[in-house]
Amino acid sequence: MRDLRHEDLQTLHGVGSRRAQLYRKLGVTDVGALVRLYPRGYLNFRPQPILSAPLGEPVTVRGAVVDKKGPTYVRGGMTVSKVRVTDGSCELILTFFNNKYTPAALEIGQEYLFYGKLSGSLLRREMTAPLIQPAGEAPALQPVYPLTAGLTNKVITANVREALERLEDPVDDPLPPALREAHRLCHLGYALRTIHFPPDEAALEAARRRLGFEELLITQLALTSLRDRTRLTTASVLTSTDWSDFEALLPFHLTGAQRRVIDECAADMARPIPMNRLIQGDVGSGKTVVAAAAAWLAIQSGMTACMMAPTEILAVQHYENLRRLLEPAGIRVGLLTGGMKAAPRRAVKEAMAQGTLDLIIGTHALLSEDVIFRRLGLVITDEQHRFGVNQRSALFQKGENPHLLVMSATPIPRTIALLMYGDLDISILDELPPGRTPVETYLIGSDKRQRALGYIKRHLDEGRQGYIVCPLIEGEGPGMVSASRYAAELSDGFFRGYRTALLHGRMKGAEKDAVMAAFAAGEIQLLIATTVIEVGVDVPNAVIMLIENAERFGLSQLHQLRGRVGRGAHRSTCILLSDAKNPDTRHRLQVICKETDGFAIAEEDLRIRGPGELLGQAQHGMVSPRMAALLTDTALIAETRQAVSLLLREDPTLSAPEHAGLHAAVDRLIADDRAGIFN
Ligand code: ADP
Ligand code: MG
């Protein structure tokens, strides 16, 4: 049997090392992966009559060329060409700017398909720079692939076509025939060909359903097997679940939700099987103190604990907070990050190996091979979505089946959480600490920017601090400000004499830490930043935030950003600045202004933009795009969940011969991790 998974992309026509490199950016490493690079959409080349086709949205019309004018030169060296077309019902004028070749190639009297947005008046229609196909040749639905600079849709389409020709016949289908029959699923070979080149919508839908089913099924089987792997025994069992002495250390009263979740963790850790628990909670719901309680419990029972944070800034902050909280109880807390100097790093590692530290907080540096833990009983990861299951298990390996506590960064709707974290039990912190006033949120246009800046200035004058968030570090998109230019302009201009600083993800770890530490200490008044600040940083004196180009962010991300203010006793404000006119975009931004509950926002985000945005996959590659598209299909999720439990009841180890293909697919998903869900 031919296995396309290991076939080099460069065996395809027109693919050399450069294109192979570009394909890698799309996650396509071999011919097999190319076949699985599903289109993100389709152009509908099914023509409509020019006269009745809707205006203002992309449509295809069919017409014969009547005559051509141009190119004529207009101002600024631009050229304009016009082509007149008719389909008998109506006339259509095509306009091409700075493009002599496309109109020149059109032959008078010939029929073509034109794809684009129609505008115009009652009896005359216009279209600018349409996509063109000779009539009769093109299939009705044409694939549109995810693009990366340098790879055109045309090239990808041709490469996919060639790759599909290499599929063996019949294709080896991981779904056994009985399962396909029970769920009315088409064969994999048909599904793959159809998803790229669908003859019609009905066939496309059948292909989608089948491929989605497979994806969801295998993902859930993988998560289940992972859960089983961690259903081991552990020697790290609490000797007591009483945490009243911990509570006495706190400067505040715990919320009811915090108590409940701490009890859940304590009960888990009192059993001889490792805890696998996810804590979900809104921004500011106080997840850290729950983690601290779990660590305290573990340490009282003679274990050590570690906490891994996704960034240096956050690790340092946790370290400082937890040290302040726990050292009075005689707990020795250490910090290990990649940014530390060699000598202190060595000292911490030695202390860890000797077992003279009880709680160690750090970044990925904790995963490094030369880091040795003693009696590691509890592993905590903060802001889980930045870490993969593989990293999780790498930490497991550092101890003997230690307990695991995962804190999520962002509230995630339940359907998604079940899929993403199917291997974990879920605790929900559904109560904010008392005394929080919701962050007042407003949407304004750039005409009011100056007033907003003045408002920020007044807060700085009163001794408060603030953030300005920009979508880009540098470079300017159309109508977009970059953090670096904005920071330069503001610090020399409007905020001259104030202590401002720039913070972004491309700065060195030590630089970032220095800026963040200065901000936390109140030495910096105004931080102009990118989304790096989204991750957990806690500065209670920061009470105002301005988010530039707010339309560029997902709802959950805006909510997460907004969570950086409103952390103290002062009233806080978040100003969303956007000139976006699109009604959907404005509606989205209004949701943030009105809604303060992170779970509700996450549900809304899921509904409006799909799960990719919600999970920030663009940045973190957590869910493969094709997985993302499926996460909204709750009916399909439910159906696959049923199939999973039925399958595992009949064949828990998937060792029956007809399940060999499924078994292999599950192993592959866990092992090569490329699909993204485990990343
Ligand atoms: P998140 O859930 O977003 O990680 P944190 O753990 O950072 O939230 O907590 C946010 C802030 O709330 C911290 O300053 C923390 O000390 C404080 N906090 C946590 N629990 C309580 C409580 N029960 N009462 C008052 N303040 C609390
Ligand atoms: Mg946090």
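## Rings, ligand and backbone

Phe 494 is partly exposed, because its relative accessible area is 25% and that class lies between buried, under 20%, and exposed, over 50% (1.4 Å probe, protein chains only). Before going further, please note that this is a predicted model, in which local features need pLDDT of at least 70 and side-chain atom pairs count only at pLDDT 80 or more, while totals for chains, interfaces and linings use all residues. Residues are numbered from 1 along each chain as its sequence is written, chains are lettered from A and ligands numbered from 1 in the order in which they are written, and side-chain values use heavy atoms, with hydrogens and water left out.

Let us stay with the rings. A pair of aromatic rings is described by the distance of the centres and the angle of the planes. Rings of Phe, Tyr and Trp (its six-membered ring) pair if their centres lie within 6.5 Å; planes under 30 degrees apart are stacked, those over 60 edge-to-face, and the rest tilted. Across the whole structure, six aromatic pairs turn up. In one of them, Tyr 467 and Phe 519 have ring centres 5.0 Å apart and planes at 50°, so this pair is tilted. Tyr 467 belongs to strand β17 (residues 465-469) and Phe 519 to helix α17 (residues 509-520), so the pair ties together parts that are 52 residues apart in sequence. Helices (H or I, at least four residues) and strands (E, at least two) are DSSP runs, numbered from the N terminus. Both Tyr 467 and Phe 519 are buried.

Phe 494 and Phe 495 form an edge-to-face pair, with 5.1 Å between centres and 80° between planes. Phe 495 counts as buried because its relative accessibility is 0%. Ring pairs also bring in Tyr 498, which makes a cluster of Phe 494, Phe 495 and Tyr 498.

Now to the ligand. Around ligand 1 there are 16 residues, and those that come nearest are His 253, Gly 284, Thr 288, Arg 436 and Asp 538; a residue is near if one of its heavy atoms lies within 4 Å.

| Residue | Polar atom | Distance to ligand 1 oxygen |
|---|---|---|
| Gly 284 | backbone | 2.6 Å |
| Ser 285 | backbone | 3.4 Å |
| Arg 567 | side chain | 3.3 Å |

The protein covers 81% of the 570 Å² of accessible area that ligand 1 has on its own, with areas from the Shrake-Rupley method and a 1.4 Å probe.

Finally, some backbone details. The peptide bond from Gly 70 to Pro 71 is cis, with omega near 10°, and Pro 71 sits in strand β2 (residues 58-73). Asn 98 is not a glycine, yet has a positive phi of about 50°; Asn 98 lies in the loop between β4 (91-97) and α3 (101-105). Arg 184 also has a positive phi, near 50°, and is found in the loop between α5 (177-182) and α6 (188-196). Arg 184 counts as exposed because its relative accessibility is 64%.

Conventions
Polar contact = N/O pair within 3.5 Å; in protein donor to acceptor, adjacent residues only side chain to side chain.
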